[in-house]
Amino acid sequence: MGDSYIVLQTTPSKGGSYLYDIHFWIGKDTSQDEAGTAAIKTVELDAVLGGRAVQHRELQGHESDKFLSYFKPCIIPLEGGVASGFKTAEEEEFETRLYVCRGKRVVRLKQVPFARSSLNHDDVFILDTQNKIYQFNGANSNIQERAKALEVIQFLKEKYHEGTCNVAIVDDGKLDTESDSGEFWVLFGGFAPIGKKVTTEDDVIPETTPAKLYSITDGEVKIVEGELSKGLLENNKCYLLDCGAEIFVWVGRVTQVEDRKAASQVAEDFIADQNRPKTTRITRVIQGYETNSFKSNFDSWPVGSAAPGAEEGRGKVAALLKQQGAGVKGMSKSAPVNEEVPPLLDGSGKMEVWCINGSAKTPLPKEDIGKFYSGDCYIVLYTFHSGDRKEDYFLCCWIGKDSIEEDQMMATRLANTMCNSLKGRPVQGRVFDGKEPPQFIALFQPMVVLKGGLSTGYKKSIADKGLTDETYTADCVSLFRISGTSVHNNKTLQVDAVATSLNSIDCFLLQSGSSMFTWHGNQSTYEQQQLVTRVAEFLKPGVALKHAKEGKESSAFWFALGGKLSYTSKTASTEIVEEVYNFSQDDLLTEDILILDTHAEVFVWVGQCVDPKEKQNAFEIGQKYIDMAASLEGLSPYVPLYKVTEGNEPCFFTTFFSWDSTQATVQGNSFQKKVALLFGASHAVEDRSNGNQGGPTQRASALAALSSAFNPSSASKASTPKPSSTSQGSQRAAAVAALSSVLTAEKKKQSP
């Protein structure tokens, strides 16, 4: 607590460069000089790293979520400074400590005086004694905070008790003299009512206010008038953006290191002059490497203006980006790319596909499964087995790029009905034509996207617009491109039947009346050449193929294509939410809805304990997120979107976590799950959030407490200090109140 520290977090970004976050942490007893040095050294470290880090000021007790996420489950600051902080084990005498534990995903642990007056009904407390660690759950405390506190207890047990002490959970308002709660209250000098929560300066949560922009010149701030737009920021200046709870310092690319140091100091002075709470955060961003939380304050932030690799915390998805072709921009096929195959669904399941027509869905015959018309919408249901669960379901709407809005809405409605009839178990997805994820493509061998559509709605809209119907038929002239090289990307696409559609790195299939030609580009792969034959057999079983190789085509081939024209011999290149940093499976809390954005797809994960009304909105929530990410980070608006429910997570979701399947099957709320995982199912906790339930054991314990309160000499623990008359009065009152609440609960149970 007497020191300041600098923490550097390095994240690999795409393109092989790195992104940096530098945090300087200021202990509450650190000297003014040290705190100042930490800020200056942070700027110097950033300059050495190429001047593109995001810098964060972290005050002890008010750290950002991102900073706390590096230290799971929590940080426990030590008294004193470095010199006094290192004592040998012999010198250390065990000291009983009381902590208040706040936070659902990252924990803010704060030591408070070991006294009854520190306890309240709203928080979760941890009492760490030499032989036992107690968790006290305030009656109004949050279930997710209770669950997180158990992780902290596990950490304390391993770090300070060699993993051997006992753990006890004490519930506020539940008095049981013989058990752990009796022991707990004895440590506080006997049971007595606890007070209301007293708010201190540390509890003040700064308000987020509409952003105001100031320019910084010679250490002075001057307000910048007008609507906030990116164009206001000049690259040779520094600016301060005041958002209330957080203050950003924006640094232009061509500013000097000295100006940058001064700008950081200006932000500190600004907080002091404005009398802002200590908890106000300061974050410094550099031009081109702005964070989303900074950009979202501007009316317009043109996409594509970000510096390469400017997204935040995306290390985990680099592998996926590579496989999606984003990391291989502009490379020709001749340079082999070692593709990482993403997790795919087991291929031995049962596939059913329906085409939307008006308000009904028509099942496709088996021989047509894999054919998709871009003017139509489809529902795909794949039933398979994974692990020891009986059945898993993958349910998707495929939205053709030329389909009509009525068909799109009907597909969604019918898929929702199917999902509900399967008790909400399917992983439910929405997939756009041309943006299919690898898991989807791999299920169809082959998958062919055809021109036109068969639904009556599509036919009518074409007629109304006076367009010619180009829908594929078995005897028309048509050209297909086969471009993928493995099961998860080998989709076949019908393209315009003209010579300019050809290119050297792919294989093509040309259908003309009863004739079928295969055409192999000079740079095409063996896999593509095999697939072209399979596609021909799929479209026209038993057809006799004529083979053409690039440069050795027959005149019949060119005639069918309408004449020989030049074509390319190379390919074109591939094309507010609160972030949970350094996420893990523990962050999937059963009461919440979470979004996992892998750049290649977006998942909306829905916990079991989410309100049923909210569950219905999963796709809307996902779509809102996509709209936001599309404007801030250039995410494709047509990215595949999935809904995944807790306990039914597919392999292509769990691959982003180090997944423990036992953890996913434990029942109950967050706290009950955590108790079962840490202490075994025998410790199962009933949901006590509804206060005392009446019953003989509760009545007995309340009577025992009452008798001990009115007759202190017979108290079972001789070591208990004799209560003074005032505390004896309050103890009696509390015991009477406890008995009365038990009797009320019993009465409620009996009433019809």
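Biologist: What should I know about the model before reading it?

Modeller: The model is predicted; local features need pLDDT of at least 70, side-chain atom pairs count only at pLDDT 80 or more, and totals for chains, interfaces and linings use all residues. Residues are numbered from 1 along each chain as its sequence is written, and side-chain values use heavy atoms, with hydrogens and water left out.

Biologist: How do H4 and H18 pack?

Modeller: Two packed helices are described by the angle between their axes and the distance between the axes. Here H4 (residues 143-160) and H18 (residues 670-679) pack at about 20°, with axes 7 Å apart. They are therefore roughly parallel (angles under 35 degrees).

Biologist: Which residues of H4 and H18 meet?

Modeller: Contact means heavy atoms within 4.5 Å. Among the residues that meet are Ala147, Leu150 and Gln154 in H4, and Phe671, Val675 and Leu678 in H18. By class, this contact has 7 nonpolar, 3 polar and 3 charged residues.

Biologist: Which residues are buried in H4?

Modeller: Buried means under 20% relative accessible area. In H4 the buried residues include Glu145, Lys148, Val152, Ile153 and Leu156. The cover over the buried residues of H4 includes strand E4 (97-102), strand E8 (166-171) and H18.

Biologist: What caps the N-terminal end of H4?

Modeller: Asn142 does, through a side-chain oxygen 2.6 Å from the backbone nitrogen of Gln144. Just after H4, Glu162 takes a positive phi of about 50°.

Methods
Axes are lines fitted to C-alpha atoms, for helices over the stretch in contact, and angles run from 0 to 180 degrees between N-to-C directions. Helices (H or I, at least four residues) and strands (E, at least two) are DSSP runs, numbered from the N terminus. Angles under 35 degrees count as roughly parallel, over 145 as roughly antiparallel, 65 to 115 as roughly perpendicular and the rest as oblique. Ala, Val, Leu, Ile, Met, Phe, Trp, Tyr, Cys and Pro count as nonpolar, Asp, Glu, Lys and Arg as charged, and the others, Gly among them, as polar. Buried means under 20% relative accessible area, exposed over 50%, partly exposed in between (1.4 Å probe, protein chains only). A polar contact is a pair of N or O atoms within 3.5 Å; within protein, one must be able to donate a hydrogen and the other to accept it, and residues adjacent in sequence count only if both atoms are side-chain atoms.
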